[in-house]
Amino acid sequence: NFSRVTEFILLGLSDTRELQVLFFIFFFLTYAMVLLGNLLIIVTVRTDPKLSSPMYFLLCNLSFLDICCTSVTSPRMLVDLLSQRKAIAFEDCIAQLFFLHFVGASEMFLLTVMAYDRYAAICKPLHYTAIMSRHVCWVLVSACWAGGFLHSMVQTLLTMQLPFCGPNRIDNYFCDVPPVIRLACTDIYVIEWLMASNSGLISLVCFLVLVTSYTFILVTIRVHFTEAHWKALSTCASHVMVITLFFVPCIFIYLRPFSTFPSDKHICLIYTVLSPVMNPLIYTLRNNEVKVSMWKLWKRCRV
C-alpha cells in the first residue's frame, strides 16, 4: 500500500532570505529584459519589409521560443523566491516539465535550421533563394515545433507512468526530468537511459550538426572570401555564442545517468534564463540592419 504524491516541494536556489530577495530582483529584471528585448525583435522584423529574408524570419521565431522558454520557469521561480513554502502540484509539475521540453527541443531544432540557413547563404549563394524559399522556411519551422512536441510527449509519458509515493523534495527551482524521476518509488535504471538517449542525444546530435555546418562555412570563407561572405559570416559569430550558452549546459545535464549534483540547478540557469536574455542583445548589437530598423521604429512611435 502506498499513497501517491500530490505535490512536490521545490528547494529553490537558496534558503537564505537575503539572497532570495537579491535573486528576485535580479531575475525579475532579467525576465523583463527577455520579454522586452525579444518582443522588440519580433515587432521590428514584422513591421520592416527590409527584414524579410529567411534569416530574420527564423530570428523572429527564435525570439518567440525564447519568450516561451523562460516563461515556463521564471514566473514560478519569482513567486517561490518570495514564498515561505515552495510547493507545486503534481499536475502543474508535469505540465511545466512538458512545456519546458517542448519549447526547449523546438529551439534546439530551430538553431540547427538557422545554422543551415547560414551555410546556404555562404556556401551556396547563387542557389540561396531557392534553397531557403518562404515555403521551405515554413516547413522547417513547422518541423521544429513538431519535433519538439514529439520529444516532449516521450519525456512526459515516461515520467507520468512512474509511481511517486515517497520523498517529494526537488533540489531545483523548477520541475525537470532528472530530479523528478529520481523521486520515483521503483527502479529507474532503464527509464534513465531511455530519457538520456532521448534528450541527451538530441542535444549532442544538434550540436554536432552545428559544428559541422560552421566547419564548412569556415572552409568556404578561407577559400573564397568576398564582401558578401563577410557580411553573412558576421552573423555566425553571434550564433556561435548562442549555441555555446544553450547546448553545452544541456549536453552536461541530459547526456548522462540522472545522478544529481548540487551545481545542476545553477547550470540550468544558463539555458533557462541567461541564454534567452542574451539572444536579443547579441543579435541586435552585432547586426546593423536590425539596429537601423529599431531606430526607425522608435522614431515612428514618437511621432
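## Starting at S213

Setting aside neighbours within four places in sequence, S213 is in contact with A115, Y116 and Y119, where contact means heavy atoms within 4.5 Å. S213 itself is found in helix 7. Its relative accessibility is 9%, so S213 counts as buried; buried means under 20% relative accessible area, exposed over 50%, and partly exposed in between, using a 1.4 Å probe and protein chains only.

A word on what you're looking at: this is a predicted model, in which local features need pLDDT of at least 70, side-chain atom pairs count only at pLDDT 80 or more, and totals for chains, interfaces and linings use all residues. Residues are numbered from 1 along each chain as its sequence is written, and side-chain values use heavy atoms, with hydrogens and water left out.

## The overall layout

The protein chain has 10 helices and three strands. Both kinds of element are DSSP runs numbered from the N terminus, with helices being H or I over at least four residues and strands being E over at least two. Reading from the N terminus, the order is β-α-α-β-α-α-α-β-α-α-α-α-α.

Of the 303 residues in the protein chain, 51% are buried. Take the contacts between residues at least 6 apart in sequence: 81% of them join residues at least 24 apart.

How far apart are the end C-alpha atoms of helix 1? They are 45 Å apart, which agrees with the 45 Å that its 31 residues (17-47) should span at 1.5 Å a residue. The expected span is 1.5 Å times one less than the number of residues. Helix 1 has a set of buried residues that includes F27, Y31, G37, N38 and I42.

Helix 5 (residues 134-160) passes the check too: its 27 residues should span 39 Å, and its end C-alpha atoms are 39 Å apart. Among the buried residues of helix 5 are C137, C144, H151, Q155 and T159.

S14 lies in the loop between strand 1 (7-10) and helix 1. With 12% relative accessibility, S14 counts as buried. Leaving out neighbours within four places in sequence, S14 is in contact with L19, Q20 and F23. Then there's N172: it is 158 residues from S14 along the chain, with 9.7 Å between their C-alpha atoms.

T73 sits in helix 2 (residues 54-81). Is T73 buried or exposed? T73 is buried, with a relative accessible area of 0%. Not counting residues up to four places away in sequence, T73 touches Q96, L100, Y173, F174 and T272.

## Rings that pair up

How many aromatic pairs does a search of the whole structure find? The search finds 20. Rings of Phe, Tyr and Trp (its six-membered ring) pair if their centres lie within 6.5 Å; planes under 30 degrees apart count as stacked, over 60 as edge-to-face and the rest as tilted. F207 and F247 form a tilted pair, 6.3 Å centre to centre with 40° between the planes. This pair links distant parts of the chain, with F207 in helix 7 and F247 in helix 8, 40 residues apart. F207 is partly exposed at 23% relative accessible area, while F247 is buried at 0%.

Y254 and Y271 also make a tilted pair, with ring centres 6.4 Å apart and planes at 55°. Y254 lies in helix 8 and Y271 in helix 9 (residues 264-285), so this pair ties together parts 17 residues apart in sequence. Both Y254 and Y271 are buried. Elsewhere, F64, F98, F99, F102, W145 and F149 form one aromatic cluster.

## Empty space inside

Rolling a probe the size of a water molecule over the atoms shows where empty space is left. On a 1 Å grid over the protein atoms alone, a cavity is a set of points where a 1.4 Å probe fits but cannot get out, and lining residues have an atom within 4 Å of a point.

The largest cavity is lined by 14 residues, with H101, G104, A105, M108 and Y254 nearest its centre. Helix 3 (90-123), helix 7 (189-223) and helix 8 (227-254) are the elements giving two or more residues to this lining. Helix 3 gives the most, with five residues. By class, the lining has nine nonpolar, five polar and no charged residues. Here Ala, Val, Leu, Ile, Met, Phe, Trp, Tyr, Cys and Pro count as nonpolar, Asp, Glu, Lys and Arg as charged, and the others, Gly among them, as polar.

Technical notes
On a 1 Å grid over the protein atoms alone, a cavity is a set of points where a 1.4 Å probe fits but cannot get out, and a pocket is an open set with protein on both sides within 12 Å along at least five of seven lines; lining residues have an atom within 4 Å of a point.
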